[in-house]
Amino acid sequence: MTNARVTAPLAAPRLSSASLCVLALLAAGTAHAAPSAVEKRIAAAVDRRTDAALELLAETVNVQSATENLASVRAVGDIYAREFRALGFETRWVEVPAEMKRAGHFVATHRGKRGGPRLLLIGHLDTVLQGEPFRRDGNRAYGTGSSDMKGGNLVALEALRALQATGELRAMNVTVVFTGDEEDPGSPQLVTRESLLAAAADSDIALAFEGSAPGKGVIGRRGIGSWRLHVTGVQGHSSGVFGDTRGFGAIFEAARILDQFRTELREPNLTYNPSVIVGGTNVSYDTATKSGTALGKTNVIPREVRVEGDLRYLGAAQFEAARAKMQAIVAASLPQTSAEIVVENEYPSMAPNPGSERILGVLDAVSRDLGAGPVVAQPPIERGAGDIAFVCGDGRLACLDGLGTDGDNDHAPGEYVLLDSLPLQVKRAAILMHRLTR
Ligand SMILES: [Zn+2]
């Protein structure tokens, strides 16, 4: 995902009655126990599918589906439609406005015979790159999108298949949304994410299947902001710098601001990075191409500086506090200078909440019961942004990401998934869903 402009909601986390209900339902699910008889049947159903699941992974990887390759993104969705319909899901394709130049999204729904927490499973059909077909080499399955995230989609699908094979799916309420533009969302983002947000409104728990790190679950992902700083000073002979008439010039003022950002804003989970700066007496800067020019003679006090940068944060409160501090630092101008800053939110953040911590606890118990060791929260600073943040920003849903495959080289040549951990990831996801909804 990238730098497309968005005005995402920044509501403070809150707990609805639905979330509290989920908390209560989950309280029982964290107790450690050996897998039950039905869970053993679920695991056996996963093991019976090992070869078929690998064939399905190959089929989806071999439809090369970079975000801009609209027909192929749709074709990958068609494969999933075939598979989900076979499990009794209703499937549909959600179109997005043509001018967005994105493929749209795959949605599948399963209405259960019983109430209980409603699950939203999130994946994506598109890839950043394309060009490497499926290839198996020992324990590794290579191919563009194998790890990010056709492998993750497969974990979700095969987990549901095991639940269907054992009859457990019949009672469950599940909505699956695989977006077609996760890696480069269409603009405006709130329009392209409309169907995801609608599915979230009818759900209690969101599970996303982006790549997993061994022993880690993701209940926090940082959001992304951007900022643009414009500093002006009084141009004049350099011998007059620091004086009452000419003041400090735009470049000293920009340096003061950036140094105070560096020393005064720092706190856990917050980073901000000035990525480009141009300053002098005559400055041009193009925000689209991120390039500019500057001219300044050594005997002239500079008139103008422009700086751009990003900001990564966890939770709406941290974003708002950082923005306020930046504005206060910018406002404390050196003599004969002035500055203004625009700080915008571009991609929402997913802050941990009590419901998310509870479902991480259930995953931890499932993992231990499967003999795969404990699962703890992955530090948010280790993860980039992801689709789940769109539905988890307001804290209503219990949210967990990182349920996909173990792999590496995402967004790079030589992308692969580790095959020996795949059945375990599927069992883990299936038993997690079973315990969350029983
Ligand atoms: Zn991804």
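This is a predicted model: local features need pLDDT of at least 70, side-chain atom pairs count only at pLDDT 80 or more; totals for chains, interfaces and linings use all residues.
Q: What distance does helix H2 reach from its first C-alpha to its last?
A: Helix H2 comprises twelve residues, 37-48. At 1.5 Å a residue, 16 Å is expected.

Q: Within what arc do the buried residues of H2 fall, seen down its axis?
A: The buried residues of H2 are Glu-39, Ile-42, Ala-43, Ala-45 and Val-46. An α-helix has 3.6 residues a turn, so residues three or four places apart point the same way. The buried residues of H2 line one face of the helix, because they fall within an arc of 155°.

Q: Which exposed residues does the face of H2 turned away from its buried side carry?
A: On their side, the buried residues of H2 pack against helix H5 (146-165) and helix H12 (422-437). The face turned away from that buried side carries the exposed residues Ala-37, Asp-47 and Arg-48.

Q: Which strands are the edge strands of the open sheet?
A: Four strands form this sheet in the order S4-S5-S20-S19, with antiparallel pairing. An edge strand pairs on one side only, which applies to strand S4 (135-137) and strand S19 (407-408).

Q: What angle does the direction of H5 make with that of S20?
A: S20 (residues 416-418) pairs with S19 in the antiparallel sense over two bridges, and Tyr-416 in S20 is the bridge partner of Asp-408. H5 packs on the sheet, touching strand S5 (140-142), S19 and S20. The direction of H5 makes with that of S20 an angle of about 50°.

Key. Residues are numbered from 1 along each chain as its sequence is written. The expected span of a helix is 1.5 Å times one less than its number of residues. A residue is buried if 20 or more other C-beta atoms lie within 10 Å of its own, exposed if 12 or fewer, and partly exposed in between; C-beta atoms are placed from the backbone. The arc is that of the directions from the helix axis to the C-beta atoms. Two residues are in contact if their C-beta atoms, placed from the backbone, lie within 7 Å. Two strands pair if DSSP finds at least two bridges between them. Axes are lines fitted to C-alpha atoms, for helices over the stretch in contact, and angles run from 0 to 180 degrees between N-to-C directions.
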